[in-house]
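Let's take a walk through a protein model together.

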Amino acid sequence: MAKYSAPVPQTNNVVVPNIEDTLRMLAQNANETNKQNNQRMQKFESHLDILAQSQLKFQQTIQDQISHLTTALTERSKGTLPNQPEPNPRGKGVYHVENSSGSNQQNEHVNSIVTLRLGKQIDNKVELPQQKEK
């Protein structure tokens, strides 16, 4: 019977790195990546701080504007009551009236229709009483 011999390993000039060198390179790469990530994080945090400050300034501006509007709406001129009626800016709401002297007063007639909650409409026509002729 023939003797079996183990195959002879061939040498291929392949350098097998040492495990310590591999771990050292991995740790260096991890450190560099961590430094880059820390720099990115710091930039991100500074941008967030700027954004937060801008948001606070905007909120303060809005609060100031609302405060000014509130005081402007609640202030009233001296000598008026809180619910003092204001005249109609269009001059409406008055009737055409003829004086006993025969002169006409130029006023406008207003008709209004009111819609109730139930949807029913009411026509509010107001007419002047007829004068009796003598």
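**A salt bridge and its surroundings**

Arg24 is partly exposed, as its relative accessible area is 48%; buried means under 20% relative accessible area, exposed over 50%, and partly exposed in between, with a 1.4 Å probe and protein chains only. Before we go on, note that this is a predicted model, in which local features need pLDDT of at least 70 and side-chain atom pairs count only at pLDDT 80 or more, while totals for chains, interfaces and linings use all residues. Residues are numbered from 1 along each chain as its sequence is written, and side-chain values use heavy atoms, with hydrogens and water left out.

Which residue does Arg24 pair with? Arg24 forms a salt bridge with Asp21, and their closest N and O atoms are 2.9 Å apart. A salt bridge here is a side-chain nitrogen of Lys or Arg within 4 Å of a carboxyl oxygen of Asp or Glu. Side chains of opposite charge can pair when their charged atoms come close. Asp21 and Arg24 are 3 residues apart in helix α1, so about one helical turn separates them. Asp21 also counts as partly exposed, at 35% relative accessibility. A search of the whole structure finds 1 salt bridge.

Now move along the helix. Leu48 also has its place in helix α1, which covers residues 19–74. Together with Met41, Phe44 and Leu51, Leu48 makes a nonpolar surface patch of about 410 Å². Patches are made of residues with over 30% relative accessible area and no salt bridge, with like charges joined within 9 Å and nonpolar side chains (Val, Leu, Ile, Met, Phe, Trp, Tyr) within 5 Å. Leu48 is partly exposed, its relative accessible area being 41%.

Let's step back to the whole chain. The protein has 1 helix and 4 strands, in the order α-β-β-β-β along the sequence. Helices (H or I, at least four residues) and strands (E, at least two) are DSSP runs, numbered from the N terminus. Of the 134 residues in the protein, 0% are buried.

How far can you trust the picture? The mean pLDDT, the predictor's confidence in each residue from 0 to 100, is 76 for the protein, and 57% of its residues reach 70 or more. Confidence is highest in α1, at 94, and lowest in strand β2 (residues 104–105), at a mean of 46. Where pLDDT is low, the predicted coordinates should not be read in detail.

How values were computed. Areas by Shrake-Rupley, 256 points an atom, 1.4 Å probe, with all protein chains shown as cover.
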